Amino acid sequence: MINYGKHFIDKNDIKAVVSVLKKKALTQGKVTDLFEKKLKEYFGSKYAVAVSSGTSGLNLIANCLKWKKDDIIFCSPITFAAGSNCIVNQGAKPFFIDIDPNTFNLNFNLVEKALQNKNIRKNAKAIIATDFGGNPCDWKLARKISNKYNLKLINDNCHAIGSSYDMKKNYASKYADFVVHSYHAVKNFTTGEGGAILTNNLNFSKKAKLLRNHGIESFSLKKNSHPRAMLDLGYNYRLPDILCSLGISQLSRLNKFIKKRNQIANLYRKKLKGLENIKMQNIDKNDFSSYHLFSVLIDFQKLKKTREELFDFFYKNNIKLQIHYLPIYKHTFYKKKFKINEKNFPNTEKFYKQQVSLPIYYDLKISEARKVINKIEQFFFR
Ligand SMILES: Cc1ncc(COP(=O)(O)O)c(C=O)c1O
């Protein structure tokens, strides 16, 4: 069965993990420090804080920024639920913004439009934006608006690990105050479960390191303090050495992983662009996508077919497609908790009706990608 995404583990990954398993310490230690150093080097941030998942990274940021009731945080409905759950968990209010129909990313001009309302402006504290599928957002505009209205800017970079914006590999921490990575198995490289926060802000990185460890100062900070003092209310969001060893090994092959993803994406683009009723994501010529997802929009109405028929046809041919995502405001929890008028989200609604994620991962053979193309053509013309 060809899935939409898949991890790739080699002998070196296994060797790296086994070497930690043979050591005395398994939890957060020296290997975590080394992983953080490698992350800083690769992604060009001043500081890196390894955490147990992308979700815990988002929660930590929300906690460090001390969002509270009535605070408004702008976010996209087209992302994983964790992107707004971190706001609700902190007791603040998610303010969903419609996406751009071409880039599939949050439309920052609509953030600025919303900020013209005095009450919204008064309570607005931050923007969380996802580089959907690996396509960088308009970060210059996001920074400009954030500076103008004194908002914190958070890049949910979970899809875009290894992308470039304006030709820059270090764009995420250059433009955003805080950057979140996920190293979940399906992401561009993996630690099984895991993630990191990248930032250029020293105080923030110190705070995040404290809170990922219950708010307790670690031994390395204060060697002779017994008992160790809990300075703030935190969590156990640590990423153990076992997983960091996998991360270091995988990160060393990230360029290779992304190159293959791009090879597949370019093939899809070349072969599908001639088809009517299919639209692909717009990626600026100065940007580079790491292609966590290959997302297409299919006008099923014009094709006089349904998405269910497409999924069934592919499944019968041993290919599992995926939808990214159910708009967050359509989840039962959000529907019950917030009164959201779907009419305010015309681009998101249209996107959701048409979106399909095609298989893309390092291990996908070119012959398998050709099979996907072939099946799309068969479905369109049968
Ligand atoms: C855009 C985005 N944000 C956040 C997350 C959460 O990451 P994790 O699964 O590591 O908690 C994910 C993971 O699926 C994601 O895709």
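Asn 63 belongs to helix H3, which covers residues 54–64; helices (H or I, at least four residues) and strands (E, at least two) are DSSP runs numbered from the N terminus. The model is a predicted one, in which local features need pLDDT of at least 70 and side-chain atom pairs count only at pLDDT 80 or more, while totals for chains, interfaces and linings use all residues. Residues are numbered from 1 along each chain as its sequence is written, and side-chain values rest on heavy atoms, with hydrogens and water left out.

With a relative accessible area of 12%, Asn 63 is buried, a class that means under 20% relative accessible area, whereas exposed means over 50% and partly exposed lies in between (1.4 Å probe, protein chains only). When its neighbours within four places in sequence are left aside, Asn 63 is in contact with Gln 90, Leu 211, Leu 233 and Tyr 235, where contact means heavy atoms within 4.5 Å.

Helix H11 runs over residues 254–272, and its 19 residues, at 1.5 Å a residue, should span 27 Å, which agrees with the 27 Å between its end C-alpha atoms; the expected span is 1.5 Å times one less than the number of residues. The buried residues of H11 include Leu 254, Phe 257, Ile 258, Arg 261, Ile 264, Ala 265, Tyr 268 and Leu 272. An α-helix has 3.6 residues a turn, so residues three or four places apart point the same way. Among the elements that cover the buried residues of H11 are helix H2 (30–43), helix H10 (241–251), strand S9 (294–298) and helix H16 (366–381).

Of the 13 residues around the ligand, Gly 54, Thr 55, Asp 156, Ser 182 and Lys 187 come nearest, a residue being counted as near if one of its heavy atoms lies within 4 Å. The shell divides into 3 nonpolar, 8 polar and 2 charged residues.

Most residues other than glycine have a negative phi, and most peptide bonds are trans. His 214, although not a glycine, has a positive phi of about 65°; His 214 sits in the loop between helix H9 (202–211) and H10 and is partly exposed at a relative accessible area of 32%. Lys 304 likewise has a positive phi, near 60°, and is placed in the loop between helix H12 (300–303) and H13, where Lys 304 counts as exposed at 76% relative accessibility.

Asn 282, in the loop between S8 and S9, is partly exposed at 47% relative accessibility. Asn 282 and Pro 101 are 181 residues apart in sequence, yet their C-alpha atoms are 9.1 Å apart in space. Beyond its neighbours within four places in sequence, Asn 282 is in contact with Asn 102, Thr 103 and Asn 135.

Note on methods:
Ala, Val, Leu, Ile, Met, Phe, Trp, Tyr, Cys and Pro count as nonpolar, Asp, Glu, Lys and Arg as charged, and the others, Gly among them, as polar.
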